Amino acid sequence: PTSAEALAAAQPARAAASKRKRGGGNGGGDELNGDEALLGQAKQVLWAEQQVWLEKLFEIIRASKPAAPQPAAPQPAGGGGGAAMEVVGEGAAAPATSHPGGEAAVAASRAAGISLDSSAERAEAEAAQRRDAEAEGGHEAALGSALRSVAREPSMHAYAPYLCQFVESEVQRNLQCLPMLFALMRLVRAMLSNLSLNLEAYLQQILPAVTTCVVGRKLCAARGDDHWSLRAIAAGVMHTIAAQYGDRFTDLQPRLTKTYRDALEDRKRALTTHFGALLGLREFGPHAVHKLLLPMMPAYLQLVHGVMSAPLPDAAPAAAPAAAASDIVREMAQEPGDAAPASAASESTPAPSASPAAPPKRARLVRQMEALRVYDAALATCGAYLFRHGHYFAAPG
């Protein structure tokens, strides 16, 4: 940041004022007042540059939030769902698309939402995708440069209260914006990497935000988004906080591990929350796994396995596997608000429900995929512990 230049400019005036204060004497009052005025001006410049740099950093991080999708343009009436027409010569017209099945197949594809655009439309769409990729790459480069400055700049201690307040407020505002939450967790990780930043006085702002990204029930707008990686990053950030400040707050690690253990023992919590709790306990090493996780694993794995093995209602016939797969992809890509039973099912117990009214196929499928993630995380955690550290706790003989 440019604040380093202001600090360097203010250093001579600060040293001269300090020397005169120590030396005392008569006749130096005017010079001392002049040096103090110069130092005050340098502080004002420094403060202004700090504000400019903070605003630029916050703007870069907020740019991680994707723009709102534009509404689709209304289609002209008429045509009966047939293929669009485009002029291919003077006074001549031909269908814009062709299909081996004929016009009926084209109409059926359009009714099913399958795009059959012309070559010009496809080229325009590909060009738009390339522009979006270039813009995303430029933003990622700017974000990486800003985060490196946060992690390396020695004068970053002056920004600590503003950065912590920004993280706390933005996590609460963007609980379902996955790119924004990723950028915020990367910012916290960069702050922890800077040795000149002491976050001890601001842990009450950072800890709730990071805990939300570990065990929050829903951290994305669409079910297919990779919120699992966000939980893994946030669990690592939480362990770093406990490692750096655990000697000054002796109850920090016990409180965090108790939070994770309580989340696993609560069968009414979502499976996504259980996944984050498993990752959080794994970060605290073999002793936490041995004492808190292994005793509950047999019964817990049996419950999760029951969710995975539950039959799907109204299963698709085996003769149409491709159609069933496309239905699954469309269901997973829909928004959570499109089906209220799915979000309600993710909050229920991992044990199979004994109610005669089974949840719909979409909700059951989502729960089975979440249960598979949780089952894999539990086996990986316990397996790594037994392979690497099990002999430390084995009985002698």
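Biologist: In this predicted model, is Cys164 buried or exposed?
Modeller: The cut-off for buried is under 20% relative accessible area. Cys164 has a value of 0%. Cys164 is therefore buried.

Biologist: And Cys382, buried or exposed?
Modeller: The limit is again under 20%. Cys382 comes to 9% relative accessibility. That makes Cys382 buried.

Biologist: How many disulfides does the count give?
Modeller: A disulfide is a covalent bond between the sulfur atoms of two cysteines. Here a pair of cysteine sulfur atoms has to lie within 2.5 Å. By this rule the count is 0.

Biologist: At what angle do helices α7 and α8 pack?
Modeller: Helix α7 covers residues 203-215, and helix α8 covers residues 227-245. Their axes are 8 Å apart. The crossing is left-handed. The packing angle is about 145°.

Biologist: How many nonpolar residues are in the contact of α7 with α8?
Modeller: From α7, the contact includes Leu203, Ile206 and Val210. From α8, Leu230, Ala234 and Met238 are among the residues involved. By class there are 1 polar and 1 charged residues. The nonpolar count is 14.

Biologist: Is Glu170 buried or exposed?
Modeller: Glu170 sits in helix α5, residues 160-173. Its relative accessible area is 4%. Buried means under 20%, so the class is clear. Glu170 is buried.

Biologist: Which residues does Glu170 touch, not counting those up to four places away in sequence?
Modeller: A contact needs heavy atoms within 4.5 Å. Sequence neighbours up to four places away are left out. Glu170 then touches Arg62, Met180 and Leu184.

Conventions. Residues are numbered from 1 along each chain as its sequence is written. This is a predicted model: local features need pLDDT of at least 70, side-chain atom pairs count only at pLDDT 80 or more; totals for chains, interfaces and linings use all residues. Side-chain values use heavy atoms; hydrogens and water are left out. Buried means under 20% relative accessible area, exposed over 50%, partly exposed in between (1.4 Å probe, protein chains only). Axes are lines fitted to C-alpha atoms, for helices over the stretch in contact, and angles run from 0 to 180 degrees between N-to-C directions. Helices (H or I, at least four residues) and strands (E, at least two) are DSSP runs, numbered from the N terminus. A crossing is left-handed if the near helix is turned anticlockwise from the far one by less than a right angle, and right-handed if clockwise. Ala, Val, Leu, Ile, Met, Phe, Trp, Tyr, Cys and Pro count as nonpolar, Asp, Glu, Lys and Arg as charged, and the others, Gly among them, as polar.
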